[in-house]
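Try each task before reading its solution.

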Amino acid sequence: MITLTVKQKIGLGLLIGIVLMCGAVLFALRSPLSPFSGLHNDLKTIEPPVEQSYTDLDGNPVKLSDFRGKPLIINSWATWMPFSKEELEALSTLKESKGDALTILAINRMEDKAVIRAYLATYSIDDSKIIFLVDPADTFYKGVGGYAMPETVFYATDGVITVHTRGVLAPEDLKISAEALLD
């Protein structure tokens with residue numbers, strides 16, 4: 001058995017306290033409901049002051065407000081972002097499991113339709129499950145205060161953001177947030 005002096009016990013206690021405090025700070029910074037997460041600035045509705053029209057990969061205009069009344073997940077992505085592939089695959093799998101109960105949009109950041117189509121074909125991402133939109137002005141990403149890539153936003157049926165994940169979204173976190181959205 002190891003015997004510690006009073007000074008060593010105090011030092012060990014301080015060290016444990018510092019480790020616990022660092023863990024609490026990291027948790028607070030990562031939690032979407034933390035005052036440090038930026039979510040308090042993101043509680044916006046799906047209808048911006050000026051409605052932005054996006055286009056699908058066939059060039060048809062699409063408005064986000066057309067999806068009001070149904071749970072909606074929007075992923076802001078780009079072909080140059082390495083994590084987009086995994087998230088698009090996870091979103092496709094989620095859509096397959098949830099069916100029509102959930103709508104998933106993937107809004108591309110300022111890339112040409114030909115580049116997007118080539119990317120989807122290269123990785124065999126099924127574009128029949130997710131609605132792919134083109135945003136040449138990067139309006140959506142700027143509108144939600146985007147600063148990390150990719151970003152995923154979950155909207156309740158009333159069009160209010162319930163979760164805004166900045167950066168990579170793990171498949172298990174995607175599933176948990178989607179199930180909470182559907183409850």
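**Exercise 1.** With which residue does Glu179 form a salt bridge, and how far apart are the closest N and O atoms?

*Solution.* Note that the model is predicted. Start at Glu179. Its salt-bridge partner is Lys98, and the closest N and O atoms are 3.7 Å apart. Now place both residues. Glu179 lies in helix H5 (residues 171-182) and Lys98 in helix H2, so the pair ties together parts that are 81 residues apart in sequence. Glu179 is partly exposed at 32% relative accessibility. Lys98 is partly exposed as well, at 25%.

**Exercise 2.** How many residues apart are Lys85 and Glu89 in helix H2?

*Solution.* They are four residues apart in helix H2 (residues 82-98), which means a separation of about one helical turn. Lys85 has 22% relative accessibility and counts as partly exposed. Glu89, at 30%, is partly exposed too.

**Exercise 3.** Which parts of the chain does the pair Asp58 and Arg117 link?

*Solution.* First, the contact: the two side chains form a salt bridge of 2.9 Å, N to O. Next, the positions. Asp58 sits in the loop between strand E1 (53-56) and strand E2 (61-63), while Arg117 is in helix H3 (residues 113-122), 59 residues apart. Asp58 is exposed, at 62% relative accessible area. Arg117 is partly exposed, at 37%.

**Exercise 4.** Which residues make the nonpolar surface patch of about 320 Å²?

*Solution.* The patch is made by Val6, Ile10 and Leu14. Take Val6. It lies in helix H1 (residues 6-30).

Methods
Residues are numbered from 1 along each chain as its sequence is written. This is a predicted model: local features need pLDDT of at least 70, side-chain atom pairs count only at pLDDT 80 or more; totals for chains, interfaces and linings use all residues. Side-chain values use heavy atoms; hydrogens and water are left out. Patches are made of residues with over 30% relative accessible area and no salt bridge: like charges are joined within 9 Å, nonpolar side chains (Val, Leu, Ile, Met, Phe, Trp, Tyr) within 5 Å. Accessible areas come from the Shrake-Rupley method with a 1.4 Å probe; for residues, only the protein chains shown count as cover. A salt bridge is a side-chain nitrogen of Lys or Arg within 4 Å of a carboxyl oxygen of Asp or Glu. Helices (H or I, at least four residues) and strands (E, at least two) are DSSP runs, numbered from the N terminus. Buried means under 20% relative accessible area, exposed over 50%, partly exposed in between (1.4 Å probe, protein chains only).
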